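Let's take a friendly walk through a protein model, looking at how its parts meet. Keep the picture beside you as you read.

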Amino acid sequence: MNVKNNKRRRESQEKIEKAFVELLQNQDIKGITVSDIIKITKLNRSTFYANYVDIYDLADKVRDKLENEFTNLFADYDYFNERSGALKMFRHIKENQIFYNTYFKLCYDDKHLISIYDQKRAEKEHIDSNVKYHIEFFRNGLNAIIKIWLAGGCKESPEEMAEVLRQEYRGR
């Protein structure tokens, strides 16, 4: 029986997601097919379609899962100590490069960006009505820095990257 969270179904989903992430490391999402995934997982095509509508539904679910993991990482983030938060983030990125490379590949609509920015703090520091522009500028800048660092193989240390962010943001 195909109950929503039974063990066999979860194992199938994990196999499918793992195969998808592996394929995504070497090719664009547009080049990945259900056939590619079922060849790797040795699952039936019907198993794939019992869990996902199509490749893009799978991509959305994997991206959502990655976003939740990132959010959980910063559940106890100290917004008053940005350096330690940035350092924690860059250490996690360096230790989980495949995770982040996959995440950015799945952000094909650019609506999903990593952000550790505290909306309340931004509103407090930017009293004018332009806080939404500031937050968007920060989010996009942070993501650009992360993407460049990942593309270079994370050669700089997390400490160096936290300092880059601090210098760019100038301790606001």
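Which residues do ring pairs link into a cluster? They are Phe48, Tyr49 and Tyr52. Before we go further, please keep in mind that this is a predicted model.

## Aromatic rings

The structure holds five aromatic pairs. One of them joins phenylalanine 99 and tyrosine 100, whose ring centres are 4.5 Å apart with 65° between the planes, an edge-to-face arrangement. Phenylalanine 99 is buried, with a relative accessible area of 13%, and tyrosine 100 is buried too, at 1%.

Tyrosine 103 and phenylalanine 104 also pair up: their planes stand at 70° and their ring centres are 5.7 Å apart, so this pair is edge-to-face. Why does that angle give this label? Because planes over 60 degrees apart count as edge-to-face, and here the angle is 70°. Tyrosine 103 and phenylalanine 104 are both buried.

Now look at helix α1, residues 7-24, and helix α2, residues 34-41. Their axes come within 9 Å and cross at roughly 115°. The crossing of α1 and α2 is right-handed.

Which residues make this contact? On the α1 side you will find Lys15, Ile16, Ala19, Phe20 and Leu23, while α2 brings Asp36, Ile37, Ile40 and Thr41. Sorted by class, the contact of α1 with α2 has six nonpolar residues, one polar residue and two charged ones.

Next come the charged side chains. The count of salt bridges comes to six. Among them is the bridge between lysine 65 and glutamate 17, with the closest N and O atoms 2.7 Å apart. Lysine 65 sits in helix α4 (residues 55-73) and glutamate 17 in helix α1, so this pair ties together parts that are 48 residues apart in sequence.

Are the two partners buried or exposed? Lysine 65 is partly exposed, with a relative accessible area of 39%. Glutamate 17, on the other hand, counts as buried at 12% relative accessibility.

Arginine 63 is buried, with a relative accessible area of 5%, whereas aspartate 60 is partly exposed at 26%.

You can find a further example in helix α9, residues 158-169. There, arginine 166 forms a salt bridge with glutamate 163, and the closest N and O atoms are 2.8 Å apart. Because they are three residues apart in the helix, arginine 166 and glutamate 163 are separated by about one helical turn. Arginine 166 is partly exposed at 37% relative accessibility, and glutamate 163 is partly exposed with a relative accessible area of 26%.

## One more stop in α4

Let's finish with aspartate 57, which lies in helix α4. Is aspartate 57 buried or exposed? At 17% relative accessibility, aspartate 57 counts as buried, because buried means under 20%.

What does aspartate 57 touch, not counting residues up to four places away in sequence? Its contacts are Asn51 and Tyr52.

Conventions:
Residues are numbered from 1 along each chain as its sequence is written. This is a predicted model: local features need pLDDT of at least 70, side-chain atom pairs count only at pLDDT 80 or more; totals for chains, interfaces and linings use all residues. Side-chain values use heavy atoms; hydrogens and water are left out. Axes are lines fitted to C-alpha atoms, for helices over the stretch in contact, and angles run from 0 to 180 degrees between N-to-C directions. Helices (H or I, at least four residues) and strands (E, at least two) are DSSP runs, numbered from the N terminus. A crossing is left-handed if the near helix is turned anticlockwise from the far one by less than a right angle, and right-handed if clockwise. Contact means heavy atoms within 4.5 Å. Ala, Val, Leu, Ile, Met, Phe, Trp, Tyr, Cys and Pro count as nonpolar, Asp, Glu, Lys and Arg as charged, and the others, Gly among them, as polar. A salt bridge is a side-chain nitrogen of Lys or Arg within 4 Å of a carboxyl oxygen of Asp or Glu. Buried means under 20% relative accessible area, exposed over 50%, partly exposed in between (1.4 Å probe, protein chains only). Rings of Phe, Tyr and Trp (its six-membered ring) pair if their centres lie within 6.5 Å; planes under 30 degrees apart count as stacked, over 60 as edge-to-face and the rest as tilted.
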